[in-house]
Amino acid sequence: MTEPHSSDLLTMATPYAFNAISDTERREIDRRAAEAPKPIAQAFDAAVTAAHEMMAVVADSTAVQPPSALRESVLGRVEKLAATRSRWRTAAVAAAAAIVVGLAAFVVGIETRPTATQSVSDIVLAAPDVESVSSPLATGTATVLFSRERSAGVLVMNNVPPPEPGTVYQMWLLSPRGATLAGTMDAAAVSPSTTAEIPALGDSTALGFTVEPDPGAREPTGQMIVQIPLR
């Protein structure tokens, strides 16, 4: 495993959370987290928690009775992916598969639903190139799982406080062409664990957040409070 810098810890949070790494790699990440500056270590811990909560929410919302051959099918698929793609690029896929084997929920829904009825979340988490990135947002954590092949993403926010009364969180897809509206969230839409689908990433390179007067703005009127890179 290439020795990471402290700033790389957040990118390792998802594979760490879902055991998509070896014992040796886990010990190395633990050591790096222990030696990292306190803000980075806290952000890493929050991202790991967010990843656990995200998959629990997905599993609860899509749970069905799994077929007996699910485990062999999922593990076989992960082995094929690992043989053709780099380890870290497929970490999120392997992580999702590991959770499915344990919970027997999410992938069953993907395997048994017609393609026409798949949600954006289903499509993204089943994509072979799915990636994950997390960032602190206010006092919580925002995690984006996204697929360039599917041009879609899923935002999961954990422990992010609701916006102040009369304001909304506004999401923007940022690209060389500027900012494109990706949705708004008022206080009623934000809970301890909040999800939002992003059906069209286009050529965006980041997901940004601003706080705008309710019901939102046509373009950002304030400074981005966070920008999550999508690359």
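Modeller: Gladly. Let us start with the open sheet in which four strands stand in the order 5-4-7-8, with antiparallel pairing. This is a predicted model, in which local features need pLDDT of at least 70 and side-chain atom pairs count only at pLDDT 80 or more, while totals for chains, interfaces and linings use all residues. Residues are numbered from 1 along each chain as its sequence is written, and side-chain values use heavy atoms, with hydrogens and water left out.

Biologist: Why do strand 5 and strand 8 stand at the edges of that sheet?

Modeller: Each has a single partner strand, so one side of each is left without a neighbour in the sheet. On average, neighbouring strands here are turned by 30° against each other, direction ignored. The angle is taken between lines fitted to C-alpha atoms, for helices over the stretch in contact, and angles run from 0 to 180 degrees between N-to-C directions.

Biologist: What makes strand 4 and strand 7 a pair?

Modeller: Two strands pair if DSSP finds at least two bridges between them. Strand 4 and strand 7 are joined by eight bridges in the antiparallel sense, so they pass that rule. Within this pair, Val168 stands opposite Glu212 in strand 7.

Biologist: And what counts as a strand or a helix?

Modeller: Both are DSSP runs, numbered from the N terminus: helices are H or I with at least four residues, and strands are E with at least two. By that count the chain has seven helices and eight strands.

Biologist: Which residues make up the covered and uncovered faces of strand 6?

Modeller: Thr194, Ala196 and Ile198 are on the covered face, whereas Ser193, Thr195 and Glu197 are on the uncovered one.

Biologist: Why is Leu173 called buried?

Modeller: Buried means under 20% relative accessible area, exposed means over 50%, and partly exposed is in between (1.4 Å probe, protein chains only). Leu173 has 7%, so it is buried. Leu173 is found in strand 4 (residues 167-175). Leaving out residues up to four places away in sequence, its contacts include Ile198, Leu201, Leu207 and Leu230; contact means heavy atoms within 4.5 Å. Leu173 and Thr205 are 32 residues apart in sequence, yet 7.5 Å apart from C-alpha to C-alpha.

Biologist: How do you know whether Ser132 is buried or exposed?

Modeller: Ser132 has 16% relative accessibility, so it counts as buried under the same cut-off. Ser132 is found in strand 1 and touches Thr14, Thr143, Val144 and Leu145, not counting residues up to four places away in sequence.

Biologist: What makes a group of residues a nonpolar core?

Modeller: The members are buried Ala, Val, Leu, Ile, Met, Phe, Trp, Tyr and Cys residues, joined through side-chain atoms within 4.5 Å. The largest such core has 22 residues, and Phe209 and Met171 are among those that touch the most other members. Elements that give two or more residues to this core include strand 1, strand 3 (152-158) and strand 7 (206-213). Another core, of eleven residues, lies apart from it, with Ala13, Ala17, Ala47 and Val48 among them.

Biologist: What makes Arg26 count as a charge over the ring of Tyr16?

Modeller: The rule asks that NZ of Lys or CZ of Arg be within 6 Å of the ring centre and within 35 degrees of the ring normal. Arg26 lies over the face of Tyr16, at 4.1 Å from the ring centre.
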